[in-house]
Amino acid sequence: MITKQNLKQNLEVMGIEPNDTLLVHSSMKAIGEVEGGADTVLDVFMEYLSEGLLILPTHTWFSMSEYHNVFDPRIEPACVGILPNLFMKRNGVLRSLHPTHSVAVYGKDSEAFIEGEESRTTPCPPGGCYDRLKERNGKILLLGVGHERNTFIHCVEEHLDVPDRLTKEPTYFKIIMPDGQIKPSFMHRHNNSVTDHISENYTKLEQAFYDRGAAAKTTFGDAVCILCNAKAIFDVTKDVLSHQINCIIELDTIPKEWWMKK
């Protein structure tokens, strides 16, 4: 049985600081049997980051569509696991108003971090929540999952204007605002002519991230994890894509010389 103290020690060993900005993509199942279950896991993160900001994705891209287009952040469930769904209901946790790629936040500057998300027109645009990770020197913990769940790389691709990533026409959504008013939203969604799952190709960058020190293997409970530095992930991805902008989709493997600096 994994205890609360065990998990806090895991965070300390991996180098997380109490004042860090930390985004967690998670698989609860991968952690193993925890005393107190998922609530204990959330307690660990919220207590450990006592001076920082904790962020969990509460994405709804799977459920939201032209047929189900009213986004109510108070009740719309996340499609990314049990921890986000429990986290966003906790006292003091705020949820952003992005209709497909919302996040839930707790801690320092939480209101400022999610400000303006109701006005975005793409999933992970410059100036949005994911972009703010690198500006805050944020970290990304892939907890029991790989880079196929690293949404931040979508943000890098939007910054670099990688072609064939978004729908040509936006989807019309209605966002229910905190005051009950409805705000129209026109959102270009993820789309690619070759694959239905763009992010499944992000694993091709895994070795590049390790070699450049942008990511490191670690553990949390029984889960095999990857701890990333957002700014470094951005820089490595940018360097690789400078050789061939759409190489993540077009190539089966990425040449090592594209990321190893001389």
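Biologist: What relative accessible area does Phe 186 have?

Modeller: This is a predicted model, in which local features need pLDDT of at least 70 and side-chain atom pairs count only at pLDDT 80 or more, while totals for chains, interfaces and linings use all residues. Residues are numbered from 1 along each chain as its sequence is written, and side-chain values use heavy atoms, with hydrogens and water left out. Buried means under 20% relative accessible area, exposed over 50% and partly exposed in between, with a 1.4 Å probe and protein chains only. Phe 186 falls in the partly exposed class, its relative accessible area being 47%.

Biologist: How many aromatic pairs does the structure hold?

Modeller: Rings of Phe, Tyr and Trp (its six-membered ring) pair if their centres lie within 6.5 Å, and planes under 30 degrees apart count as stacked, over 60 as edge-to-face and the rest as tilted. By that criterion, the number of aromatic pairs in the structure is three.

Biologist: Which residue forms an aromatic pair with Phe 45?

Modeller: The pair is stacked, with 5.1 Å centre to centre and 25 degrees between the planes. It links distant parts of the chain, 175 residues apart, from helix α3 (residues 37-48) to strand β9 (residues 215-220), where helices (H or I, at least four residues) and strands (E, at least two) are DSSP runs numbered from the N terminus. Phe 45 counts as buried because its relative accessibility is 3%. At 0% relative accessibility its partner is also buried, and that partner is Phe 220.

Biologist: Why does the pair of Tyr 172 and Phe 186 count as stacked?

Modeller: The ring centres of Tyr 172 and Phe 186 lie 5.2 Å apart. Tyr 172 belongs to strand β7 (residues 171-176) and Phe 186 to strand β8 (residues 182-187), 14 residues apart. The pair is stacked because its planes are at 25 degrees.

Biologist: Over the ring of which residue does the charged end of Lys 134 sit?

Modeller: A charge sits over a ring if NZ of Lys or CZ of Arg is within 6 Å of the ring centre and within 35 degrees of the ring normal. The charged end of Lys 134 is 5.0 Å from the centre of the ring of Phe 234.
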